[in-house]
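Thanks for asking me to look this over.

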Amino acid sequence: MLLDAADPQVGPVPVRPARSAGPDDAPDVWPSTARVQDGALHIGGVSIPHLARACGTPLYVLDEADVRRRARQWHAAADRVHYAGKAFLSTEFVGWIRDEGLHLDVCSGGELSLAIAAGMPAHRIAMHGNNKSIDELRAAVHSGVGVVVVDCTEEIERLAQLAAATNRVQDIYVRVTPGIVADTHAYMATGGDDVKFGFPIAGGYAAAAVRRVLGLPALRLRGVHSHLGSQILDLSGLREGAHRVGALLADIERAHGLRIGEVDLGGGAGIAYLAGQRRLEPDRFVAALRDGLRTSWPHPVTLAVEPGRAIVGTAGVTVYEVGVVKDRALRRFVSVDGGMSDALRPSLYGADYTAFVASRAADGDPVLTSVVGKHCETGDVVVPSVALPDDIAPGDLLAVPATGAYHAAMASNYNLLPRPAVVAVADGRAKLLVRRETPADVLARDGGGAPIDLAAAARRVGPSSTTSP
Ligand code: LLP
């Protein structure tokens, strides 16, 4: 419908069903300890309005008990679980993962340094990445990571040289793509043959990589790795992908007489973001992989998996303060004090969320609302469309659930906004995982026009510097 500019404002449109989904209406999208008491949201026995007063907003809140519960469920379902650190990492968090018996998957030198600093035993770390730098590979070998997931031919050679130079034999997985395009957002599908990751099984790329690895005494082929993608809910692709990996293991045995005893079939188990959606539980995810493998590889195998979102996604909530309520012809816009710098997924993937008034019982009639951020873009949306109560007002707190994975991790300083703090709650107590950035932090990298020494760079040989300017 096109509205003429001269049309009178018709005000917010009433919608059904009644209201945004709080923890009582949609427990699957909230942390397991989330409750509403006297109208205020509580998580881990901590009042969210009190926490917001103590820490400011926007604020990422993680339910420790929920993270640990999910970690235990995954631990029970698979032979080995590598938590995918890209979903969220902090040193305290790594301690939870370590104590629950999980391994850790890292995909950069920064994640590796954090994992080591947090006391994760190196042999329980797997190092990922499709273009690991020499420095990253060296750090992986020197710190003694359990396994490097090799992704390309160059890396096989570089890693073998680094390992040989330190008299080590480095365990590796060869990452393969089984030619399955997962039923998910195109940006998150990694198992087809037209992607930048790994070696396609089709066309013999994976077999050639295996052959090369087996010719290098500094590398030990411990297993094969495959990851279909993220936010997967459909089991058939997982089954077929595992079947194709099993067939590759059989080919390797035929060609080289080597019976591989370990596979890592990745992460990607989907979660519920909205009321009524379902999550892919660990036992069903793992059973689908085992079923698929069995059809082509009947031998015993250690099965590792790499869930990230499924462990931390629904344990996390973002708390915002409402600043502006603007009624327009087609909807109401509620502007909060964050936006796409702390919640990139709606603008990057068109992801959908719900929101809930966390500071009081808001019992107004539901109106069609977009929760938007404070950035200078129309696409700066936190919750595209939700029926929020019409008595919402500046100063109210809004909680957006299912933001534990890939929110803090993908936060930026767009428009020079400082990134929010991350706090954990459990048993009525709160602790700081990551402090809020200050305006001084944000300014600290400003170069101010300082001269760059090109002559020194010209004299230096070797790779470009990653430490300066
Ligand atoms: N293993 C590998 C090799 C991966 O690349 C990923 C995710 C995972 C495991 C964990 O996937 P999860 O279980 O968390 O779905 N930023 C996006 C998702 C991209 C994830 C990239 N890799 C998002 O916000 O949804």
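**Notes on helix packing, pockets and backbone**

1. Helices H8 and H9 cross in a right-handed way (a crossing is right-handed if the near helix is turned clockwise from the far one by less than a right angle, and left-handed if anticlockwise). Helix H9 covers residues 282–294, and its axis packs against that of H8 at about 40°, with the two axes 7 Å apart. That angle makes H8 oblique to H9 (under 35 degrees counts as roughly parallel, over 145 as roughly antiparallel, 65 to 115 as roughly perpendicular, and the rest as oblique). Axes here are lines fitted to C-alpha atoms, for helices over the stretch in contact, and angles run from 0 to 180 degrees between N-to-C directions.

2. Who meets whom in this pair? From H8 the contact takes Leu-235, Leu-238, Arg-239, Ala-242, His-243 and Gly-246, and from H9 it takes Arg-284, Phe-285, Ala-288, Leu-289, Asp-291, Gly-292 and Leu-293 (contact means heavy atoms within 4.5 Å). The contact of H8 with H9 has 7 nonpolar, 3 polar and 3 charged residues. For these classes, Ala, Val, Leu, Ile, Met, Phe, Trp, Tyr, Cys and Pro count as nonpolar, Asp, Glu, Lys and Arg as charged, and the others, Gly among them, as polar.

3. A word on the source: this is a predicted model, in which local features need pLDDT of at least 70 and side-chain atom pairs count only at pLDDT 80 or more, while totals for chains, interfaces and linings use all residues. Residues are numbered from 1 along each chain as its sequence is written, and side-chain values use heavy atoms, with hydrogens and water left out. Helices (H or I, at least four residues) and strands (E, at least two) are DSSP runs numbered from the N terminus.

4. H8 (residues 235–256) also has H7 (residues 205–214) as a partner: their axes come within 11 Å and cross at roughly 45°. H7 is therefore oblique to H8, and their crossing is right-handed. Ala-206, Val-210, Arg-211 and Leu-214 of H7 make the contact with Leu-248, Ile-252 and His-256 of H8. By class, that is 5 nonpolar, 1 polar and 1 charged.

5. Next, please look at H5 (residues 134–143) and H6 (residues 153–165), which pack at an angle of about 45° with axes 10 Å apart. This makes H5 oblique to H6, and H5 passes H6 in a right-handed crossing. On the H5 side are Ile-134, Leu-137, Arg-138 and Val-141; they meet Glu-155, Arg-158, Leu-159, Leu-162 and Ala-163 in H6. The contact divides into 6 nonpolar, no polar and 3 charged residues.

6. The largest pocket holds about 670 Å³ of space. Its lining has 33 residues, with Lys-86, Phe-197, His-227, Ser-230 and Tyr-406 the closest to the centre. Helix H10 (309–312) and helix H11 (345–349) are the elements that give two or more residues to this lining. By class, the lining has 12 nonpolar, 12 polar and 9 charged residues. A pocket is an open set of points on a 1 Å grid over the protein atoms alone, where a 1.4 Å probe fits, with protein on both sides within 12 Å along at least five of seven lines; lining residues have an atom within 4 Å of a point. Grid points are joined across faces, edges and corners, and a volume is the space filled by probe spheres set on the points.

7. Finally, two backbone details deserve a look. The peptide bond from Thr-57 to Pro-58 is cis, with omega near -10°, and Pro-58 lies in the loop between helix H1 (48–55) and strand S4 (59–63). Ala-402, although not a glycine, has a positive phi of about 65°.
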